[in-house]
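Dear colleague,

Please read them with the structure open beside you.

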Amino acid sequence: MLEVRSPFSSDAIEEKAVFVLHFKMEKLVFIYTYGCQMNVHDSEKIRGVLSEKGYKTAETPEEADLIVFNTCAIRAKAEQKFYSQLGRIKFLKQANKDLKIAVAGCAAQDAKQKIFRRAPYVDYVIGPRNIQSLPELLLDSRGLFVTENPEIAEQEFPAQRDSATKAWITIMYGCNNFCTYCIVPYTRGREVSRPSNSILAEIGQLVNKGYREVTLLGQNVNSYRSDTDFPGLLRLIDRSGIHRVRFVTSHPRDLSADLIKALSDLPSLCEHIHLPLQSGSDKILSAMNRRYTYADYLARVTGLRNSVPGISITTDVIVGFPGETEEDYELTVRALQEIEFDGLFAFKYSRRNGTRAGELDDQLSEEQKNDRLNRLLPLQEEITLRKNRLLEGLVLEVMVEGPSDSDPSRLTGRTRSNKIVTIPDSGEEEGALVRVEIRLARPHSLEGVRADLVPAPV
Ligand code: SAH
Ligand code: SF4
Ligand code: F3S
């Protein structure tokens, strides 16, 4: 029998294997993230999935082997931001033929192969429900992966998180609401909820690592349904040992009495809710397919304020929805005056292809929309400041997040009600829970001094 000997000794083979492994370890990825918290967390998942394949995070796009754009399509502006950045890095691809460019997220799902036509130097297009397939996609020289993936709720992702104290947790994927202005149901697919035991296992691991806060993510967390409903899930999480629990976003139609009860009963649940109103006009709410009236919304707010002392309520509104008259707009203004939200995100309506509102004829001009937005902002600024002033003199629990961007001698943190507070830096670590006396209210933040340190929860 002829014996064929390998030209490599076994040592050499091992060396070669180590070299290949080493080569892989050197791969660097740079991620651009646009859009909502869901996307911020998806980028953490993308990093986690890639790190299992040996990728490390690049400090700059120039040094990267792979650049991922995790995109948003909610408004035209978000999409334009991504496309202009994509245009700006084209030269990197010309300089480095080995560089790979992947477009992920909502704009990827929306445009699919059209991205390749618009930017032929893009190598991969991958939808928000296909993150786990990214390494597989990278094995080919070019590819598209934009499936509905209904199994996503059963999948676990190795997220590589930005913070060591606060964590995002996806509890459900997709949206079934089809608000007529919104592209999300087309980009994120149908609603599916993760089983409670998988969510609890993830939170348990975070508690063991010292995390203090989780924010549960879903386009409409109130319609979470697996082996339990959303208030049931919150009750289970309350026993997990995590100190603070938040969630975004709530749809007013699905905000149940049981959820209000959970907010008032559960010590871990923070006294804040983001409850998008969108408009104060019933005619516009109906055209938006929101399926509640302003009176329904107001009743929810009253219920929340009666049951949860100190709750802060923030909202989103859209101005300039097709057919919005000055009278409709005035109803939104009146709603803001009547409810006095703690914070507001106001958007100009942006026409999205493929949505029902995008096909309506009575679109407003850019000038009209600008004018309505500009009148809304100072009004809310005044309300927010007035509400913040009510906190002056109170002692509140603040979780420290890190150095303040505007003043290096101060630290920034958040109250349970999600208000930003700055305090003089006396060496507190990220995640520290401190008691702070509020001294000065500003429209977008509070200034305080430390009253005492709360012992770490065990
Ligand atoms: N699922 C969440 C948030 C979705 S997007 C929810 O329903 O609350 C966040 C906000 O963007 C929405 O609340 C809405 O105010 C705004 N938005 C969505 N589509 C928009 C569009 N086409 N033009 C302008 N604003 C829009
Ligand atoms: Fe969009 Fe409405 Fe779904 Fe929110 S609930 S993601 S606004 S369709
Ligand atoms: Fe944007 Fe998609 Fe979030 S469109 S806002 S990234 S769900």
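**The shell around ligand 1**

The residues of the shell around ligand 1 fall into 6 nonpolar, 4 polar and 5 charged, where Ala, Val, Leu, Ile, Met, Phe, Trp, Tyr, Cys and Pro count as nonpolar, Asp, Glu, Lys and Arg as charged, and the others, Gly among them, as polar. This is a predicted model, in which local features need pLDDT of at least 70 and side-chain atom pairs count only at pLDDT 80 or more, while totals for chains, interfaces and linings use all residues. Residues are numbered from 1 along each chain as its sequence is written, chains are lettered from A and ligands numbered from 1 in the order in which they are written, and side-chain values use heavy atoms, with hydrogens and water left out.

Ligand 1 is surrounded by 15 residues, of which Q219, T249, Q278, D316 and S350 are the closest; a residue is taken as near if one of its heavy atoms lies within 4 Å of the molecule or strand concerned. At least three residues of this shell come from each of domain 2 (163-270) and domain 3 (280-297 + 311-388), with domain bounds taken from an automatic or database domain assignment.

An N or O atom in the side chain of R75 is 3.1 Å from an oxygen atom of ligand 1, a backbone N or O atom of Y181 is 3.0 Å from a nitrogen atom of the ligand, and a polar side-chain atom of Q219 is 2.7 Å from a nitrogen atom of ligand 1. Of the 540 Å² of accessible area that ligand 1 has on its own, the protein covers 90% (Shrake-Rupley method with a 1.4 Å probe; for residues, only the protein chains shown count as cover). The elements that give two or more residues to the shell are β13 (312-319) and β14 (343-348); helices (H or I, at least four residues) and strands (E, at least two) are DSSP runs, numbered from the N terminus.

**Backbone details**

The residues surrounding ligand 2 include C175, C179, C182 and R290, and by class its shell has 7 nonpolar, 3 polar and 1 charged residues. C179 counts as buried at 9% relative accessibility, and C182 is buried at 14%. The structure holds 0 disulfides (pairs of cysteine sulfur atoms within 2.5 Å).

Among the residues around ligand 3 are C36, C72, C106 and Q219. Domain 1 (2-149) and domain 2 (163-270) both give residues to the shell around ligand 3, so this ligand lies between them.

Technical notes: A polar contact is a pair of N or O atoms within 3.5 Å; within protein, one must be able to donate a hydrogen and the other to accept it, and residues adjacent in sequence count only if both atoms are side-chain atoms. Buried means under 20% relative accessible area, exposed over 50%, partly exposed in between (1.4 Å probe, protein chains only).
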